[in-house]
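User: Hi! Could you walk me through this structure with me asking as we go?

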Amino acid sequence: MVHEIVIVGGGFGGARIAKILSKWSGGSRHHINITLIDKSRYHTFYPNLYEVATAHIPEIFGHLPLDFFNLKSSAVYPLEDIFLDDLNVSVLEGEVVGVDFKKNKVRLKNSPALSYDILVLAAGSETNYFNIAGMGQNALPLKVFFDALEVRNAIDEAFFRVPKNHIVKIAIGGGGFTGCELAGELIGYMKKLARVHGRPEYYGECMIIEAAENLLGGASPSLQKKAKARLEKLGVKFKFKSPIHGVEGQEVILENGSKIPYDVLVWTAGVKANDLTKSFFGVKLEKNSCVAADKTLRVLPYENVFGVGDITYCVDEATGKVLPMTASVAIREAKYVAENIKRIILKKPLINYKPHQAGFIIPLGGKYALLESHGIRLSGFLPWIVKQMITLHYWATLVGWIKAFRLWKSGLETYLEND
Ligand SMILES: Cc1cc2nc3c(=O)[nH]c(=O)nc-3n(C[C@H](O)[C@H](O)[C@H](O)COP(=O)(O)OP(=O)(O)OC[C@H]3O[C@@H](n4cnc5c(N)ncnc54)[C@H](O)[C@@H]3O)c2cc1C
């Protein structure tokens, strides 16, 4: 019997499920066809986007295109290439605009609808501006590869635009993981730019504007303190307890009425489930429009539909906390969903998803990172190396060690330009 499995989204969750299932034979009685649909041709490695947004590329004639190629391949990789040798996986570039859960059909923007026996919703998240007036219009998000390029170019452009005797002001809305990673690396990038544009190094300013009283909400107080100390040492400025009311022209307006001028504003403070979820008829939506899933990660009330990653609302029963939107959660969920898909096909009972706290590694400028995992706390070069090894291993599980090593090495060469 042939089972048609459709996966919407080729990110951390969707690509992992397709990869696991591509290796599954299913025995002589079962054959699976997997269609992986993504609106982009590329799989994005988001943890490297802060590096793309701050990559200094020396402008030597003939040098630029190669470095841009390296920059791109370090963060995005063609989905088709990831599944080149997997005969039962077809990659379809297309935008899903809705699902008819009763007729088991996925509707696409510019192609005919696609039928499925089992569907996986893995379309990820998008930037949440929390309806802050002027934020969507004025701030740059950091969510997809092209956002990262835009941030990079906007900062470069600001060093051209702002008069030489003025300080170039970069404001980052949100002191979470993405905001802190970006700020740490930005300092090196701005110093390079200052030199290239003939300004003193200290004529660039990077400020994190944070609503809470600490950085890295959700992390331990010790990690929060260390991150602040590290960023302070690099020269990053902070505004804590400063919820943003709006953005007007070149000024961020805080709720207390004070104004912060900026030349480039980057918004890293919020994500919500992909807007696609709002079109799902009969599916219960939870906080941030995430789809509600049962313990087996099936999207209620449909028994042949699973949710994985950022799009899914999942509570860790042990802690009572909602699982964060992270790659490690998406990958772990993907392993359970792949297993449950096999079990549906084999008519076996499904297994319940068991969350696991993987911990954090946060790079903060140059070859320095903070690590916190299972009671272990490290800072400095070693955690940075651990992050590099995790990145290399991640790519290897998708494209094999040889290609992974090449991608990782070329990315590293480009990123280290800042240090
Ligand atoms: C800048 C940044 C840095 C991050 N750093 C880390 C980190 O260091 N560690 C960590 O654990 N997590 C990190 N995260 C979070 C992590 O990237 C996400 O939690 C993870 O990508 C979620 O996986 P996913 O499969 O749910 O979604 P994604 O990986 O986002 O994949 C969703 C896919 O769906 C596709 N898609 C969307 N809409 C449609 C549609 N309508 N039709 C077809 N396809 C569609 C998208 O193109 C995308 O490829 C970071 C996120 C960002 C933005």
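Analyst: Happy to; we can go through the ligand, the core, the strands and a few backbone details. Keep in mind that this is a predicted model.

User: Great, ligand first. How many residues surround the ligand, and which are the closest?

Analyst: The ligand is surrounded by 33 residues, and the closest are Gly-9, Gly-11, Gly-13, Gly-124 and Gly-309. Helix H1 (12-22), strand S2 (31-38) and helix H9 (327-345) are the elements that give two or more residues to this shell.

User: What about nonpolar, polar and charged residues in that shell?

Analyst: The shell has 15 nonpolar residues, 13 polar ones and five charged ones.

User: Nice. Switching to the largest nonpolar core: how many residues does it have?

Analyst: That core has 119 residues, and those with the most contacts inside it are Ile-7, Val-8, Val-120, Leu-121, Leu-265, Val-266 and Val-337. Helix H7 (residues 177-196) gives the most to the core, with nine residues. Domain 1 and domain 2 are each a source of at least three residues in this core. As a general background, nonpolar side chains tend to be buried together in soluble globular proteins.

User: Which sense does S18 pair in with S12, parallel or antiparallel?

Analyst: S18 pairs with strand S12 (residues 168-173) in the parallel sense, over four bridges. Ala-171 stands opposite Leu-265 there. S18 also pairs in the parallel sense with strand S11 (residues 140-141), over two bridges. In that pairing, Trp-267 is the bridge partner of Pro-141.

User: What's the order of the open sheet of three strands?

Analyst: Its order is S15-S16-S17, and the pairing is antiparallel. Strand S15 (244-248) and strand S17 (259-261) are the edge strands, each pairing on one side only. On average, neighbouring strands in this sheet are turned by 25° against each other, direction ignored.

User: How many bridges are there between S16 and S17?

Analyst: Strand S16 (residues 251-254) and S17 pair over three bridges. Ile-253 has Lys-259 in S17 as its bridge partner.

User: What about phi at Phe-130?

Analyst: Phe-130 is not a glycine, yet its phi is positive, at about 50°. Phe-130 sits in the loop between strand S10 (125-127) and helix H5 (135-138). Phe-130 is partly exposed, because 14 other C-beta atoms lie within 10 Å. Asn-288 also has a positive phi, near 60°, and is in the loop between strand S19 (271-273) and S20. With 17 C-beta neighbours inside 10 Å, Asn-288 counts as partly exposed too.

User: Last one: is Tyr-415 buried or exposed?

Analyst: Tyr-415 is in helix H11 (residues 401-415). Tyr-415 counts as buried because of its 24 C-beta neighbours inside 10 Å. The C-alpha atoms of Tyr-415 and Ser-258 are separated by 36 Å, and the two residues are 157 residues apart along the chain.

Definitions and conventions:
Residues are numbered from 1 along each chain as its sequence is written. This is a predicted model: local features need pLDDT of at least 70, side-chain atom pairs count only at pLDDT 80 or more; totals for chains, interfaces and linings use all residues. Two strands pair if DSSP finds at least two bridges between them. A residue is near a molecule or strand if its C-beta atom, placed from the backbone, lies within 6 Å of it. Ala, Val, Leu, Ile, Met, Phe, Trp, Tyr, Cys and Pro count as nonpolar, Asp, Glu, Lys and Arg as charged, and the others, Gly among them, as polar. Axes are lines fitted to C-alpha atoms, for helices over the stretch in contact, and angles run from 0 to 180 degrees between N-to-C directions. A nonpolar core is a set of buried Ala, Val, Leu, Ile, Met, Phe, Trp, Tyr and Cys residues joined through C-beta atoms within 7 Å. A residue is buried if 20 or more other C-beta atoms lie within 10 Å of its own, exposed if 12 or fewer, and partly exposed in between; C-beta atoms are placed from the backbone. Domain bounds come from an automatic or database domain assignment.
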